[in-house]
Amino acid sequence: MSAIPPLRAQQAALNETLASINREMSQLSDLQALLDSNEKILRQAMHDADKVLEDAKRRDVPAVEEVLVAPTVVARQLYENVVEERVLEECRAVIGKALDKGRIGGDVWAKQTRSLAREEFLKKALIKKISQGMGLVEEERWD
């Protein structure tokens, strides 16, 4: 008779452990179902992404001018003026190199550089005015 209480205690512990194992098995089954669902969603998303990549590879690369579209007429003017100002700057650099190589004379260089610099100055002033009008830069104040 003295052996019965320890056996009952052991049986209670085993029953408690069995219940705990059953709960964990249920949680693992739920987790497995969730992981299977996530894996299915991920595989579908990867399949869709592969389709998009294949479609993108078949298309021609658009020109920058087609992609870079100004939201307003004023913004388009700003883009165009910035481009023209950079072109004028590059032209002045090329004329300087031509002078260095002896392909043009000093008088041609001076005349062209003055003309390009004047035009570049006007473009910069217009860019500054448009930028201020669009609120892109703060106006300079002489207080």
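Predicted model: local features only at pLDDT ≥ 70, side-chain atom pairs only at ≥ 80, totals over all residues.
Glu 120 sits in helix α4, and, if we leave aside residues up to four places away in sequence, its contacts are with Glu 85, Leu 88, Glu 89 and Arg 92.

Staying in helix α4, which covers residues 106–133, we come to Lys 123. Lys 123 has a relative accessible area of 18%, and because the cut-off for buried is under 20%, this lysine is classed as buried. Again not counting residues up to four places away in sequence, Lys 123 touches Asn 81, Glu 84, Glu 85 and Leu 88, and with one of these, Asn 81, the side chain of Lys 123 makes a polar contact of 3.3 Å. If you compare the two lists, you will find Glu 85 and Leu 88 among the residues touched by Glu 120 and also among those touched by Lys 123.

Now to helix α1, which runs over residues 4–58 and holds Lys 57. Is Lys 57 buried or exposed? Its relative accessible area is 64%, and since exposed means over 50%, Lys 57 is exposed. For a sense of distance within the model, take Lys 57 together with Glu 24, which lies 33 residues away along the chain: their C-alpha atoms are separated by 48 Å.

Let me step back to the whole protein, which has four helices and zero strands, so that the order of elements from the N terminus reads α-α-α-α. The radius of gyration is 38 Å, whereas the globule rule gives 15 Å for 143 residues, and the protein is therefore more spread out than a compact globule. Along the principal axes, the C-alpha trace spans about 125 × 55 × 35 Å.

As for burial, 11% of the 143 residues in the protein are buried, and the accessible surface amounts to about 12,500 Å², with 58% of that belonging to carbon and sulfur atoms. Turning to contacts, among those between residues at least 6 apart in sequence, 56% join residues at least 24 apart.

I will finish with the charges, and with one last question: how far apart are the mean positions of the positive and negative charges of the protein? There are 22 positive and 25 negative charges, and their mean positions are 4 Å apart.

Technical notes
Residues numbered from 1 in each chain as written. Heavy atoms only, no water. Helix = DSSP H or I, 4+ residues; strand = E, 2+ residues; numbered from the N terminus. Rg over C-alpha atoms; globule rule 2.2 N^0.38 Å. Buried < 20%, exposed > 50% of the residue type's maximum accessible area, 1.4 Å probe, protein only. Contact = heavy atoms within 4.5 Å. Areas by Shrake-Rupley, 256 points an atom, 1.4 Å probe, with all protein chains shown as cover. Lys, Arg positive; Asp, Glu negative; His and termini not counted. Charge placed at Lys NZ, Arg CZ, Asp CG, Glu CD. Polar contact = N/O pair within 3.5 Å; in protein donor to acceptor, adjacent residues only side chain to side chain.
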